[in-house]
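Thank you all for coming; I would like to walk you slowly through one structure today. Please keep the picture in view while I talk.

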Amino acid sequence: MNDVEQRKAAKEFAAYWQGKGYEKGQSQPFWLSLLNKVYGVENPEQFISFENQVHLDHTSFIDGYISETKVMIEQKSIKKDLLAPIKQSDGTLLKPIEQAKRYAAELPVSQHPKWIVTCNFEKFLVYDMEHPHNEPEEILLSNLPEEYYRLNFLVDNGSAHIRKEMEVSMAAGELVGKLYNAFLNQYNDPSNAESLRSLNKLCVRLVFCLYAEDAGIFGEHDMFHDYLERFEVRDLRRALIDLFKVLDQKPAKRDPYLDKQLAAFPYVNGGLFEDENIEIPNFTEEIRDLLLQKASSDFDWSKISPTIFGAVFESTLNPETRRSGGMHYTSIENIHKVIDPLFLDELKNEFTKIKNITVKRTRKLQLEAFQKKLAGLKFLDPACGSGNFLTETYISLRKIENEVIRLLTGGEMILGELLNPIQVQIKQFYGIEINDFAVAVAKTALWIAESQMMKATEDIVHMSLDFLPLKTYTNIHEGNALSMDWEDVVPKNELNYIMGNPPFVGARMMSAAQKNELLKIFDGLKNAGNLDYVSCWYKKATEMMHHSKIRTALVSTNSITQGEQVAILWKPLFEEGVHIDFAYRTFRWDSEASNRANVHCVIIGFSISNNLAEKIIFTGNQRQSVKHINAYLLDGDDIFVENRKTVLCKPAPEARSGNKPIDDGNYLFLPEEMEEFIKKEPLAKNFFRPWIGAYEFINRKPRYCLWLGDCSPSELRRMPLCLKRVEAVKEFRLNSKSPGTRKLADKPTRFHVETIPTKPFLVMPLTSSERRKYVPIGFLPPNYLASNLVVVVANASLYDFGVITSNVFMAWMRYVCGRLKSDYRITKDNVYNNFPWPTPTEAQKAKIAQTAQGILDARALYPDSSLADLYDDSAMPFKLLKAHRANDKAVMEAYGFYGKGMTESQCVAELMKMYQVLANN
């Protein structure tokens with residue numbers, strides 16, 4: 001179905017089901033009809049299953065499950081509140097999503113749902129299980145005609161065509177890897193840099209030839225194979241050198257007595273074969289078989305995706321990625337998360353409006369103007385790698401152009417002067433890349449894309465279009481994007497869009513050269529050294545966008561929208577006039593390679609010029625139209641939470657870092673190590689105290705610390721093994737490069753940072769898994785010592801505990817904290833000290849203390865379970881969940897939030913407003 005047909009089907013479906021909806025009798029017809037009539041599933045009864053059994057304490061049934069796309073459905077009757085707890089057959093109260101999650105936990109891992117949909121016939125709530133704590137996406141039945149695409153995930157698990165391209169492209173990458181290794185072993189000095197550069201060029205040329213013979217570019221299929229097959233192994237090197245020379249020669253300049261088979265090859269142009277001095281080693285029987293049999297006869301290169309293969313090819317042969325063991329490339333789906341909201345959705349919508357014009361002459365004129373517009377757009381990827389963003393953008397524009405050509409020609413052969421109807425060209429796409437080999441691959445990928453799309457055009461106009469010699473050129477520039485003027489690549493007054501996926505290097509992981517580049521770009525900016533490397537591209541893009549209509553979208557590690565980096569990076573950018581146009585909140589950026597590399601990322605679209613387009617925040621599969629997007633990717637004002645040393649709200653208890661020994665491990669013991677030590681040194685028993693860091697606290701597995709800070713000299717002299725540890729610590733500190741640590745050697749029994757409790761205290765892990773709804777926080781007795789991997793809150797009351805273990809504090813933490821990978825990193829200076837506390841009445845305060853005690857009581861019911869067990873999303877006991885809900889309600893009432901139906905992001909937006917008022921007072 002096309003867009004118009006699908007909208008019509010969705011409208012009819014919504015009209016039919018309006019007001020209907022009995023769970024037991026109408027659920028199955030509702031879903032079968034939806035899949036068949038709106039989403040085109042021919043045999044929906046084979047696509048979706050109903051009433052699948054799951055065995056809990058009793059037998060229960062999953063309302064609906066789609067195995068191909070891993071969608072679980074929990075259906076309720078019309079008017080049922082999908083966010084309210086419902087009494088189950090075992091007496092427990094569960095929300096529909098909690099009911100579905102309980103079912104999911106009983107399924108084999110391979111069947112765990114990727115999506116959970118709760119539905120009451122009037123609305124669908126969609127939960128993305130890659131982000132189980134995110135807000136659900138709401139789709140109303142009445143809005144389905146306009147928003148049917150938001151339920152595409154029901155049937156779209158990546159088209160078979162895309163999956164096939166992926167499989168073929170990965171297989172091609174493996175073949176190239178084998179050829180690379182086989183040739184590498186034949187070089188006289190395989191470690192020589194010039195030899196490696198020659199090998200890379202050789203592989204690029206071979207790939208082009210293999211593709212060209214399968215795609216018919218050379219004129220005949222198997223032309224490359226048939227030419228080489230007639231040579232013995234010893235002569236193949238010379239045959240290849242001769243071929244490369246001919247491919248770089250115009251027919252008029254060739255030797256008139258040239259071998260006929262060689263002379264049949266066309267002139268390629270484009271610079272791919274111009275260097276005749278590359279080092280080509282001798283062939284072996286293995287190489288001959290790989291090239292002629294496995295890579296040529298047994299493989300069809302015309303089916304590869306240039307977008308995918310370009311990156312696989314580059315990663316396969318790039319020495320750096322080979323050493324790291326990774327073949328990495330960006331999925332087409334993720335590329336579209338950048339280019340669709342940046343420009344492609346807008347172009348498609350414009351094209352749809354033109355297609356719907358009924359006056360033929362008007363439509364023809366507008367189609368011609370639209371094609372000219374497509375041909376006038378220019379794109380820059382300033383960290384283009386193998387060019388996958390540029391290649392996919394080119395393909396996407398050419399697909400639209402081919403539809404324009406189809407409408408203009410009526411699918412008939414073109415006659416007359418206009419022999420080539422194609423206007424979109426690869427010269428519209430500009431890239432900057434520091435790696436010379438990646439530049440060559442990017443150019444080749446674009447040429448392959450151009451060839452494939454030309455074939456698609458030929459099928460429309462029913463005529464042959466000449467691909468060779470290459471008439472268009474690529475604008476991929478080799479160089480360091482951070483040290484060059486981007487206008488030397490493309491003038492800003494000609495450029496429309498900047499996009500890409502710059503390098504992911506954390507602030508603490510940069511090389512000295514990278515750090516120097518960053519500090520030069522952010523010259524004079526306070527705390528610039530704490531920024532991630534990707535920040536440089538944001539700054540350079542901002543400079544390029546000044547006094548232009550350029551719009552930018554970049555993929556970045558999510559850390560630039562969290563923690564201290566937010567204020568450092570975005571405050572000055574906003575002061576330069578930058579505004580965020582759209583954003584994808586944190587998601588996992590998957591590499592679709594054989595060795596996957598997952599990074600937690602955000603996508604941010606931003607510009608300086610006025611942009612009247614709808615501002616959108618994407619959270620998983622949720623698409624939210626908003627008025628303004630701030631640097632935390634919230635719908636709220638531009639507020640920056642900056643580190644502070646004391647609490648924002650008095651009289652909230654002060655937080656401190658835990659103990660930092662700087663002892664080279666001499667004072668820390670595992671339980672068995674402590675027992676062994678006490679056997680040898682019995683007097684040391686009274687100086688051991690349980691030692692708790694984030695891991696030890698969450699898993700209830702304490703280590704032990706030998707705390708000798710209060711030990712008198714006479715006691716210490718009676719314990720020779722302890723004294724030996726003290727001497728080792730002193731020696732370690734004296735050998736430090738840090739002056740402060742060397743000075744600390746004068747007090748070897750003391751810690752660098754000391755937080756020695758005298759009464760019970762509260763601890764909060766510095767890091768905790770993102771998969772937990774609540775970060776485990778709790779009290780410890782005064783004999784415990786906390787490490788610097790937890791935040792210590794002394795003098796905390798039950799009320800204090802109730803507030804900071806509530807969903808309100810957790811929401812604040814999730815948006816304000818930094819991240820370690822995707823895990824929360826909760827610092828006192830950024831998260832705790834800036835938290836806007838409520839101003840409760842005495843009755844509200846007492847209620848929060850009561851519900852906080854309820855949480856501790858619920859935990860105590862499970863003495864054999866660690867906090868990791870208790871706060872696992874699937875294993876959390878219902879009594880503990882119920883206690884947390886009661887506490888959440890009490891805290892939200894103290895803020896005035898309860899009963900307003902606030903989402904988590906709305907809650908944080910309100911907290912930000914409170915913070916702004918408090919911080920300015």
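Predicted model: local features only at pLDDT ≥ 70, side-chain atom pairs only at ≥ 80, totals over all residues.

Let me begin with a pair of helices. Helix α15, which covers residues 360-376, packs against helix α16, residues 388-409, at an angle of about 155°, and their axes lie 10 Å apart. Angles over 145 degrees count as roughly antiparallel, and α15 and α16 are therefore roughly antiparallel to each other. The crossing in which α15 passes α16 is left-handed. On the α15 side, the residues that meet α16 are K364, L367, E368, F370, Q371 and L374, while α16 brings L397, I400, E401, V404, I405, L407 and L408. Sorted by class, this contact holds nine nonpolar residues, three charged ones and one polar one.

Now let us turn to the strands. In general, strands of a sheet pair through backbone hydrogen bonds, either parallel or antiparallel. Here we find an open sheet of nine strands with mixed pairing, and its order reads β11-β10-β9-β12-β13-β15-β14-β16-β17. Which strands stand at the edges? They are β11, residues 475-478, and β17, residues 622-626, and each has a single partner strand, so one side of each is left without a neighbour in the sheet. If we ignore direction, neighbouring strands of this sheet are turned by 20° against each other on average.

Finally, within this sheet, β12 (residues 497-500) and β13 (residues 551-557) run parallel and are joined by four bridges, and M499 stands opposite A553 in β13.

Note on methods. Residues numbered from 1 in each chain as written. Heavy atoms only, no water. Pairing = 2+ DSSP bridges. Helix = DSSP H or I, 4+ residues; strand = E, 2+ residues; numbered from the N terminus. Axes fitted to C-alpha atoms, helices over the stretch in contact; angles between N-to-C directions. Parallel < 35°, antiparallel > 145°, perpendicular 65-115°, else oblique. Left-handed = near helix turned anticlockwise from the far one by under 90°. Contact = heavy atoms within 4.5 Å. Nonpolar A, V, L, I, M, F, W, Y, C, P; charged D, E, K, R; others polar.
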